[in-house]
Every structure is written in structure tokens, then in C-alpha cells.
Amino acid sequence: MNNEEKKEGEKKLVEDAAKIGPMLTINKFGKMVCRHPWTSMDLQPDGDVQICCYLPKRIVGNVKFHGVKGVWNSEEFQDFRKQMSEKGAKAVCPKCHVLQGIKQWETLNWYKDLDPNSEVYKNAKLNEEEIFEGKTVLASNPRRIKYIPSFVCNLNCYHCNQEQYRIKGFHKLERNIFNQVMEIFQTLQVINPFGGEPFIFPETIEFMRAIVEKNPACRFYTTTNANHFTDEIIDLLSKIKIMKMAVSYDGYTKETYEKYRPGASWETVLKNTEILSKMREKNPFPLVLNASFNNETYKQMPILLEMCKKYKAASKMVPLHIKSNHDKEFWRKHVKMSKQNLNEWRRMVDEALLDKDLHLGTRNSLLNMKMLLENYPYSEFQITKNRVKVYIIDLFKKVGLYNAVRPLYKKITGGYVK
Ligand SMILES: C[S@@+](CC[C@H](N)C(=O)[O-])C[C@H]1O[C@@H](n2cnc3c(N)ncnc32)[C@H](O)[C@@H]1O
Ligand code: SF4
């Protein structure tokens, strides 16, 4: 390869990384790498640390045994960083939605707009250098932390995919882990408390207070049922920089909302969505209405789309996911439907896509739903068909043709093949 071709190749790599997502960059070995293993820690309630939600089984240590700093430079984390540096993201994480262009991870590049003498800026800059160099032991601190104190919730939704973890046992990240996060809070760019319901945990309130008092540059984001907003929570939310706030809806009238989210109040969620929406007048942030649909609520999709317009929000819509805590009876009750109804749902999606004023996020979500509905397990026959397709694709994978079948795999499984 001559110099000209080499330069062209490097330029293409940089363009690809920029196109696919801000989480990607090119390191000194010329590999397109994901920043995640150098920037982020996802703390689970039992202390396990995940690198990323797309690699739930790739645990790089447990903070209960090794502490936050111990896991940050654990052998497992180092090993993953080494692989990522040497092989690149496409080889290490072939299933990642970011690489397939389905999902965008949040960028952390905004640190460049901060005061160069601030702790956050200095840590982020050092971290960027370490990513480029392919360092495995990091001198910089994590820049983004997902913190799940437990999966406990104030509601008892019919479909909750976290039920499976609650069944497995009650876990809670202890106070000393929270204190360790607080020790590195002054260099953090993003805190993402999660649950269960994040706003019932004192830790979430304390993180918001710490943003106000210790590190105003740190951005906050979470997903909530918005049924437990105290005055203090509203006050703190209005004082901090919110990166994104998602409010979940699984019914779109008082009747279906309260039926499917026992313990929740329709008036309360609307009031709190309104509050969040108004907050953006002073301090803009993306508001997302998370929405799942079952064989009854799909008919209410137009109501949700109107709400999105009213609140100038995007919607992340999904057909109900079937997880290991859901049995056949659940499928029969909430997923199974006639072909006629499924076609009606598909038509509704197509019609919604014709709306020129649609938020880009909502449009992408509708396109994703359209794809998922192609193999929707509305009947026993369809489930069998999906299984056969996946079996064939797995055979392709076994003979080394994984890349050829990768797009098909996502299209067919869509989370529905058990
Ligand atoms: C598990 S909750 C946790 C955060 C918060 N308690 C809430 O409800 O927003 C996160 C999101 O997952 C969605 N979810 C849970 N189970 C689901 C399922 N079986 N299918 C589709 N979405 C599901 C919820 O509706 C919610 O939007
Ligand atoms: S509010 Fe969220 S975490 Fe709680 S039960 Fe419902 S979906 Fe699950």
C-alpha cells in the first residue's frame, strides 16, 4: 500500500467512526475503537460491573470485593481494553447496536467546552490520551457511571423485565460503594442512576445534590416512571444539567395506564411529564417518552404520538419484549393476536411514518418497530418460523459467515425468540 492509499484508508476510518457514533474513535494503531471500556462503568446492584449494556455477561469485576478503583483497573477490564485496542470495535463487539447504526451512545466530547483548568476537563483529556495510546491501566478516572442501587420499584408493572432479577434475590449496593463513587465524583462527566425506580433511591437525590454542590459540569440522565417526584426532586432537577430524561408509558389512557402499571397514577405521570417539559424552557434537554405496546395498547399509538407533539418529545417505542420471567400464559394474554390486527398495527406504523413533523428520534423508533413487526410472534406458527430462521442463521455463523447474516439476525430475533 502506498502512502496515498494509506492516507485515504485512514481518512475513511475517521469518517466511518464519525458516521457511526460519537463513542467511536481511531487509536494510534489505526483501529476504530469504542471509548466505552476506557470511559464507563455500569454498577449492578450485586456489585458486578458491566462494560456496556450490550455485553451483559462480560463482567469485569465486583465492586463489593475489589472496590470501584480496583475494578476500574482489574485484570478483566485491562484484558478487554487490550482486545479493543488491538482488534477494534467491529471484531470485539459484532452485535453492538451502536456499530450497526441502530443506537447512538451519548458523546462525552463536550468536555472540550469546559474550563481547561477544571478537574473534569483535565481528567477527560488524560483519558482521551489513554484511549489513543491503547493504555490498559488507566491513570484517569471513569467519566460516566451507571449506578443501580437495586431493582426495587414503587410500581408493579405487568410486563417488567426486571422482575427476573428481583426473583433471583434482593441486592443492594452498599453505602461504602456509594462513598467510593463520591470520592471520584469531581471528575465525572455523566451520572446515570437507574433502577427499579431511580427516584425512590436516596442515592439518586444525593447524586443530584453532589452535582449542585461539587461538580455542576456533571450531567444527569435516567429513565423513570415519574410517579414519585417530591418537591425536592423537582427543585434539584431544575438546578442541574440534564443530559436526557426518559419517562415510561405502557398505556396511553387512564384506563390502560393504570391497568398495566398497578400502583401508578395517570394524573401524576401527566403532571410530572408537564413539569419536565416546562423545565426545558430554562435548561433544554431531550425528553423521551418510552413506550411499549401490547395486543391492546398498540391501538393507542396515535395518542402517544400526539403527546410527543404536545411535549416536543421523542418517543422510543417497542413492541412488548418477552423475557425469561414471562411464561406462555403471558404471551397468550398480551402478545398473541390475529393476523388482521397485526396488519392493522403495521398500517398504523406506516401511516405514522408519513407525518413530516415527526421527531427524528420517533421516526427511527417507528422504523425499528416496523422491522420488529415483520417477525412479530403473534402466533405459534410464527414463533416456530422464527426459531427455524435463527437455527439456519446459527449454522451460517458456525461456518464463519457471521458478518453476512448479522443484519438478518437482528431483524429476525428482535428479542422475541425464546
Ligand atoms: C425496567 S424500567 C426501569 C426504569 C423505571 N422504573 C421505568 O419504568 O421507567 C425501564 C424501561 O423498561 C421498559 N420495560 C420493562 N419491561 C419491558 C418489556 N417486557 N417490554 C418492553 N419494555 C419493557 C419499561 O416500560 C421502562 O420504559
Ligand atoms: S416502573 Fe419500571 S422498574 Fe418499576 S415495575 Fe414498572 S417497568 Fe419495572
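Analyst: Helices (H or I, at least four residues) and strands (E, at least two) are DSSP runs, numbered from the N terminus. The model is predicted, and local features need pLDDT of at least 70, side-chain atom pairs count only at pLDDT 80 or more, and totals for chains, interfaces and linings use all residues. Residues are numbered from 1 along each chain as its sequence is written, while chains are lettered from A and ligands numbered from 1 in the order in which they are written.

User: How many helices and strands are there in the protein?
Analyst: The count rests on the DSSP runs just described. In the protein it comes to 18 helices and 11 strands.

User: What percentage of the residues in the protein is buried?
Analyst: A residue is buried if 20 or more other C-beta atoms lie within 10 Å of its own, exposed if 12 or fewer, and partly exposed in between, with C-beta atoms placed from the backbone. Of the 418 residues in the protein, the buried share is 36%.

User: What share of the contacts with a separation of 6 or more joins residues 24 or more positions apart?
Analyst: Two residues are in contact if their C-beta atoms, placed from the backbone, lie within 7 Å. Among contacts with a separation of 6 or more, the share from residues 24 or more positions apart is 68%.

User: Where is alanine 226, and is it buried or exposed?
Analyst: Alanine 226 sits in the loop between β8 and α10 (231–239). Its phi is positive, about 50 degrees, although it is not a glycine. Most residues other than glycine have a negative phi. Alanine 226 has 22 C-beta neighbours inside 10 Å, so it counts as buried.

User: Are helices α3 and α8 roughly parallel or roughly antiparallel?
Analyst: Two packed helices are described by the angle between their axes and the distance between the axes. Axes are lines fitted to C-alpha atoms, for helices over the stretch in contact, and angles run from 0 to 180 degrees between N-to-C directions; under 35 degrees counts as roughly parallel, over 145 as roughly antiparallel, 65 to 115 as roughly perpendicular and the rest as oblique. For α3 (residues 63–72) and α8 (residues 175–183) the angle is about 10 degrees, and the axes are 9 Å apart. The two helices are therefore roughly parallel.

User: Which residues make the contact between α3 and α8?
Analyst: Ala, Val, Leu, Ile, Met, Phe, Trp, Tyr, Cys and Pro count as nonpolar, Asp, Glu, Lys and Arg as charged, and the others, Gly among them, as polar. By that scheme the contact of α3 with α8 has four nonpolar, two polar and no charged residues. They are Val63, Gly67 and Val68 of α3, and Ile177, Gln180 and Val181 of α8.

User: How far apart in space are asparagine 179 and valine 68, C-alpha to C-alpha?
Analyst: Asparagine 179 lies in helix α8. It has 10 other C-beta atoms within 10 Å, so it is exposed. Asparagine 179 and valine 68 are 111 residues apart in sequence, yet in space their C-alpha atoms are apart by 9.8 Å.

User: Which exposed residues are on the face of α13 turned away from its buried side?
Analyst: In helix α13 (residues 301–311) the buried residues are Met301, Leu304, Leu305, Cys308 and Tyr311. They cover an arc of only 135 degrees, taken from the directions from the helix axis to the C-beta atoms, and therefore lie on the same side of α13. Their cover includes β9 (241–249), α12 (266–279) and β10 (287–293). The face turned away carries Pro302, Glu306 and Lys310.

User: Is lysine 312 buried or exposed?
Analyst: Lysine 312 is in the loop between α13 and β11. Its phi is positive, about 50 degrees, although it is not a glycine. With 12 other C-beta atoms within 10 Å, lysine 312 is exposed.

User: Which residues are the closest to ligand 1?
Analyst: A residue is near a molecule or strand if its C-beta atom, placed from the backbone, lies within 6 Å of it. Ligand 1 is surrounded by 19 residues. This shell divides into four nonpolar, 12 polar and three charged residues. The closest are Asn161, Ser248, Asn290, Ser292 and His321.

User: How do the residues of the shell around ligand 2 divide?
Analyst: The residues around ligand 2 include Cys153, Cys157, Cys160, Glu197 and Arg261. The shell divides into four nonpolar, five polar and two charged.
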